[in-house]
Amino acid sequence: MLWPGLTFGKFFKDFKIESQILSQETITLIKTHLKEGDLQKAASAISDALRDIDNAPLNIAVTGEPGTGKSSFINALRGMEHDEEGAAPTGLPQMYLKKMKFCEYDVFIIISFTRFKISDMHLAAAIKKMKKNFYFVRTKVDNDLYNIKMSKPSTFNKDEVLQGIRNDCVTQLQNANMSDTQVFLISSLDLFSYDFQSLETTLLKKLPAYKCHIFMQYLPNVTEAAIDQKRDSVRQKVWLEAIKAGATATIPFMGLIGDKDVEKLGETLTLYRSYFGLDDASLETMAKDLNVSMEKLKANLKSPHLLTVEKEDESLGKKLLRYVEKFCSVSGGLIATGLYFRKIFYLQNYFLETVASDAKVILNKEEIFKESLGSGKAYLLQDVGIENGKSDTTNS
């Protein structure tokens, strides 16, 4: 029997670094077990990896003086509106900086909307000593552009203004011996412009691989590339679960799709739609904002109808088998030679592709929809405001 060690390695190699949810060490370990035919060790290694991915805490500290736009930035990063339940509240700090457990954070983001203050530099120096990653974010650049355009309309040049802001930030950091620190210019009200997407990519590259999955699930769908990253993250997890199940399978891939499979598929579809901001609650909000009915909105999408039977002469089971055949015709048949993969894993992949495709439909058809920034439960994100050596924290 041929074991899929090479196939396994190639599968993960095809993903960009910022999309990978496994470290190279873990990939090599699982690949080695599969090549050696030790399915028990392979399944154990995959179980450990999945447990780390599912249970990984992600702590990001967002710091800055009051009024710098920390809460707006947090909500933008999480793909939430300011008035949405669970959104970070705006306002002044509540706790002192000395009470913060900085060692628990994965990354720090230091925010300013004018010039970076001496308190920002002191904090950066303290973070640097802890060998933690940190980045400077200059917010509200859209306000700067608007003000300069209104005051100097005849000489206004957007690119020149942005470059001037960036140069000023770099000069400030150089004067504080922080020249190797990256600076990102953003507007929390316009995620398509400026450096927001570059910041996302940088964070994903610097985070431990097993923590990237939770981070990606709640990022806003601001571009097709962002949607693809989110899809690829989930696809890797489906693959791991499929190999784990296949490694311990005692029955062939072939067989009917049972009621329990359908129930699990329903839960999976609901989860995927939530990841991409296409759950019913999000669609209802979108329909109200657009002043259209839910029926019209859903008519442009495929994912809400995946588990409904539209033809009288076709059962749900037959419809699902058609999905399997369609997915296999595109993906090239069995995912891995030598392992038994149940149909449910093919269906999960098909559902994932469909939901991701729907997210792109909403993103690209601006004449029908407004841009959807996603929804869902957020990871732990801290808002740390700094003023005169004091700080506050907001768990969100």
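## Exercises on a predicted chain

Val262 lies in helix H11 (helices are DSSP runs of H or I with at least four residues, strands runs of E with at least two, numbered from the N terminus). The model is predicted, with local features needing pLDDT of at least 70 and side-chain atom pairs counting only at pLDDT 80 or more, while totals for chains, interfaces and linings use all residues. Residues are numbered from 1 along each chain as its sequence is written, and side-chain values use heavy atoms, leaving out hydrogens and water.

**Exercise 1.** Decide whether Val262 is buried, partly exposed or exposed.

*Solution.* Start with the cut-offs: buried means under 20% relative accessible area, exposed over 50%, and partly exposed in between (1.4 Å probe, protein chains only). Val262 has 24% relative accessibility, so Val262 counts as partly exposed. Then look along the chain: Leu316 is 54 residues away from Val262, and their C-alpha atoms are separated by 8.9 Å.

**Exercise 2.** Describe how helix H11 packs against helix H15.

*Solution.* First, take the geometry. H11 (residues 259-275) and H15 (residues 343-364) meet at an angle of about 25°, and their axes are 10 Å apart. H11 is therefore roughly parallel to H15 (the class for angles under 35 degrees; over 145 is roughly antiparallel, 65 to 115 roughly perpendicular, the rest oblique). Axes here are lines fitted to C-alpha atoms over the stretch in contact, with angles running from 0 to 180 degrees between N-to-C directions.

Next, list the contact (heavy atoms within 4.5 Å). H11 contributes Asp261, Lys264, Leu265, Thr268, Leu269, Tyr272 and Arg273, and H15 contributes Ile344, Leu347, Gln348, Phe351, Leu352 and Val355. An α-helix has 3.6 residues a turn, so residues three or four places apart point the same way.

**Exercise 3.** Find the residues that touch the most other members of the largest nonpolar core.

*Solution.* Such a core is a set of buried Ala, Val, Leu, Ile, Met, Phe, Trp, Tyr and Cys residues joined through side-chain atoms within 4.5 Å. The largest one has 45 residues, and Phe8, Leu22, Phe73, Phe215 and Leu240 touch the most other members. Helix H3 (residues 39-55) supplies its largest share, seven residues. Another core, of 32 residues, lies apart from it and includes Ile227, Phe276, Ala287 and Leu290.

**Exercise 4.** State how many residues of helix H9 are buried, and which.

*Solution.* Count first: in H9 (residues 209-217), seven of the nine residues are buried. Then name them: Ala209, Lys211, Cys212, His213, Phe215, Met216 and Gln217. For the whole protein chain, buried residues make up 49% of the 396 residues.
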